[in-house]
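Hi,

Here is the structure I promised to pass on. Have a look at it first, and then read on for my notes.

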Amino acid sequence: MHYAAKGGDVKIFSNLISNKIDICRKTNDQMNILHIASKYGNAQICEIIFRRPEFTNSLCDVSSEGKNACHYAAEGGSVVLLNMLIDKGIDPSVTTDDKKNIFHIACIYNNLNMCEFIAEKYSSLANAEDEDKWNAVMFAAKNGHTEILHFLKRFRASFTHASESARNALHIACDNGQFEACKFIVWNYPSLLKEVDYKKRHAAHFAVRSGNMDTLTYLETKMDVTECTETGMNILHMACLHCHRKMCEYILSKYPFLNLKVTNHKWTTAHFIAG
């Protein structure tokens, strides 16, 4: 049944139901057939499920992640299907175990039409945060979805918002090697170049950690990339720690003095390589 719900073939799915298979059975991660059909955008399968009285009490069930069918529809991107689920009484405002809502998920999966629909109909969800105080902008930045970032800017979502660890959207884009997202954020919100997280790491620290040379060389034109963290860690230390050899060679050629720096704990570049 689960594979048939994923595949979307109505005839196969109907035949399986007629053979009296338990349609309420869940997978190991507690997904039911409605979750799966919603995730893969199979509206006709969902309609068949809705007509089954034995499934009525399972409509609002959640998976092991705390996702209901609306979350999976947001992941799949079908606005029509999401509306069907809402009409059947499935709550679109429910959050997952880590407090992600359907708007967060739509941003993660780059579903622009879904984002636009949710922002219009459920605007409070568009400004909500998850358990780590991440907002929708951060999820789009992490995944490099620049079209979503453009939409969020028009929607006036907060790009300057800081997470639980004081990271912002620029930090997150850089940390995940999302060069185009980084450029978009810097162009529109240059003040973020001056911001640091709870360890006093700036955007260049995160760019180096990701190993993305394009991001680092771009940031060099916008900020002082040689500033260190609260423990005295510089970008060369960071490159050594994460074994980015080409990044190390580049930083050494541009900023040889960083190789002479030690952290507050007396760690040199050699310690980070060995450590």
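Before the details, one cut-off: a residue is called buried under 20% relative accessible area, exposed over 50%, and partly exposed in between. Lys200 has a relative accessible area of 41%, so it goes down as partly exposed. Please keep in mind that this is a predicted model.

You'll find Lys200 in the loop between helix H13 (179–188) and helix H14 (203–210). Ala166 has a positive phi of about 65° too, and it isn't a glycine either. That residue sits in the loop between helix H11 (146–154) and helix H12 (169–175). With 26% relative accessibility, Ala166 is partly exposed.

Salt bridges

How many salt bridges does a search of the whole structure find? The count is eleven. Here are some to click on.

- Arg167 bridges to Asp175, with 2.8 Å between the closest N and O atoms. Arg167 is buried at 15% relative accessible area, and Asp175 is buried at 16%.
- Glu75 and Lys67 meet through their side chains at 3.2 Å, N to O. Here Glu75 is buried, at 10% relative accessibility, and Lys67 is buried as well, at 11%. Both belong to a salt-bridge network that links Lys39, Glu65, Lys67 and Glu75.
- Glu220 pairs with Lys254, the closest N and O atoms being 3.2 Å apart. Glu220 lies in helix H15 (residues 213–220) and Lys254 in helix H17 (residues 245–254), so this bridge ties together parts that are 34 residues apart in sequence. What about the cover on each side? Glu220 is buried, with a relative accessible area of 17%, whereas Lys254 is partly exposed at 42%.

Aromatics

There are eight aromatic pairs in the structure. One of them is Phe151 with Phe155, which is stacked: the ring centres are 6.0 Å apart and the planes are at 20°. A plane angle under 30 degrees counts as stacked, so the 20° of this pair puts it in that class. Phe151 is buried, with 8% relative accessible area, while Phe155 is partly exposed at 25%.

Tyr255 and Phe257 make an edge-to-face pair instead, 6.3 Å centre to centre with 90° between the planes.

Surface charge

Which residues make up the negative surface patch? They are Asp97, Glu131, Asp132 and Glu164. I'd start with Asp97, in the loop between helix H6 (79–87) and helix H7 (102–108). Why does Asp97 count as exposed? Its relative accessibility is 52%, and the cut-off for exposed is over 50%.

That's everything from my side for now.

Cheers

Note on methods: Residues numbered from 1 in each chain as written. Predicted model: local features only at pLDDT ≥ 70, side-chain atom pairs only at ≥ 80, totals over all residues. Heavy atoms only, no water. Patch = residues over 30% accessible without salt bridge, like charges linked within 9 Å, V, L, I, M, F, W, Y side chains within 5 Å. Areas by Shrake-Rupley, 256 points an atom, 1.4 Å probe, with all protein chains shown as cover. Salt bridge = Lys/Arg side-chain N within 4 Å of Asp/Glu carboxyl O. Lys, Arg positive; Asp, Glu negative; His and termini not counted. Charge placed at Lys NZ, Arg CZ, Asp CG, Glu CD. Helix = DSSP H or I, 4+ residues; strand = E, 2+ residues; numbered from the N terminus. Buried < 20%, exposed > 50% of the residue type's maximum accessible area, 1.4 Å probe, protein only. Phe/Tyr/Trp six-rings, centres within 6.5 Å; stacked < 30°, edge-to-face > 60°.
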